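Here is a short report on a protein chain and its charged side chains. Look over the sequence and the structure before reading on.

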Amino acid sequence: MSAQVTFRQADDRDLDLLVGMFDGVAGWMVRRGIDQWKPGDKSAEHFRARIAGGEVWLASAGGRAFGAYELWWDDEQAWGPQPPVAGYVHRLMTDRESAPSGAGRALLDHAESRIAAGGRGVARLDCVSRNPRLRTYYEAAGYTAVGEEPGKLAADGTRYGVILLEKALA
């Protein structure tokens, strides 16, 4: 990535930015027929809770935020009870209009370094089973599929399948 990227933890002043970024990515998915995120699925309250209960990171280049992700320290809903060996990356998103080339990898690299700094040696994430292109993206970034959770519970009460992926960190 050629652009100078900076990262900072999000706070409550970033709620509108996070919701807008999520809705932008969700709208992009809908327009391309990708059945995953929908505009309006994540509110300011969702991001407020994630900020209060963990880590939400923003990436910027040229003074403009172009991406974000959530870092969780457990994820029993998808992974079941686990020993504290991993960090879990969620809601990796980039603004398709302003993100520099390689933005998604930069976000993953940052998440992986945060996980390692937290004393954990494994990065984990999940992606919806019906999005093989996203799975291929994560596998190209060094993640390996290690299982599937066919009935992950969505916020609206529906269930959907996810592929579980992980990467050992150096």
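## A buried lysine and its partner

Lysine 167 has a relative accessible area of 16%, so this residue counts as buried. The model is a predicted one. The side chain of lysine 167 forms a salt bridge with glutamate 112, at 3.2 Å from N to O. Lysine 167 sits in strand E7 (residues 159-168), and glutamate 112 sits in helix H4 (residues 103-117), so the bridge ties together parts that are 55 residues apart in sequence. Glutamate 112 is buried too, because its relative accessibility is 9%, and the limit for buried is under 20%.

Arginine 8 pairs with aspartate 14 in a salt bridge of 2.8 Å, N to O. Arginine 8 is partly exposed, at 39% relative accessibility. Aspartate 14 is buried, at 6%.

Arginine 13 and aspartate 11 also meet through their side chains in a salt bridge, here at 2.3 Å, N to O. Is arginine 13 buried or exposed? At 74% relative accessibility, arginine 13 counts as exposed. Aspartate 11 has 22% and counts as partly exposed.

## The charge picture

How many salt bridges does a search of the whole structure find? The search finds 15. The protein chain carries 21 positive and 23 negative side chains. The centres of these two sets lie 3 Å apart.

## Fold layout

The protein chain has five helices and seven strands. Along the sequence they follow the pattern β-α-α-β-β-α-β-α-β-α-β-β. Strand E7 and helix H4, joined by the lysine 167 and glutamate 112 pair, belong to this layout.

Contacts across the sequence can also be counted. Take those in the protein chain with a separation of 6 or more: 63% of them are between residues 24 or more positions apart.

## Size and surface

The protein chain has 170 residues and a radius of gyration of 15 Å. A compact globule with 170 residues would have a radius near 15 Å, so the value agrees. Along the principal axes, the C-alpha atoms fill a box of roughly 40 × 35 × 30 Å.

Buried residues make up 48% of the 170 residues. The accessible surface comes to about 8,600 Å². Carbon and sulfur atoms account for 49% of that surface.

Definitions and conventions
Residues numbered from 1 in each chain as written. Predicted model: local features only at pLDDT ≥ 70, side-chain atom pairs only at ≥ 80, totals over all residues. Heavy atoms only, no water. Salt bridge = Lys/Arg side-chain N within 4 Å of Asp/Glu carboxyl O. Buried < 20%, exposed > 50% of the residue type's maximum accessible area, 1.4 Å probe, protein only. Helix = DSSP H or I, 4+ residues; strand = E, 2+ residues; numbered from the N terminus. Rg over C-alpha atoms; globule rule 2.2 N^0.38 Å. Contact = heavy atoms within 4.5 Å. Areas by Shrake-Rupley, 256 points an atom, 1.4 Å probe, with all protein chains shown as cover. Lys, Arg positive; Asp, Glu negative; His and termini not counted. Charge placed at Lys NZ, Arg CZ, Asp CG, Glu CD.
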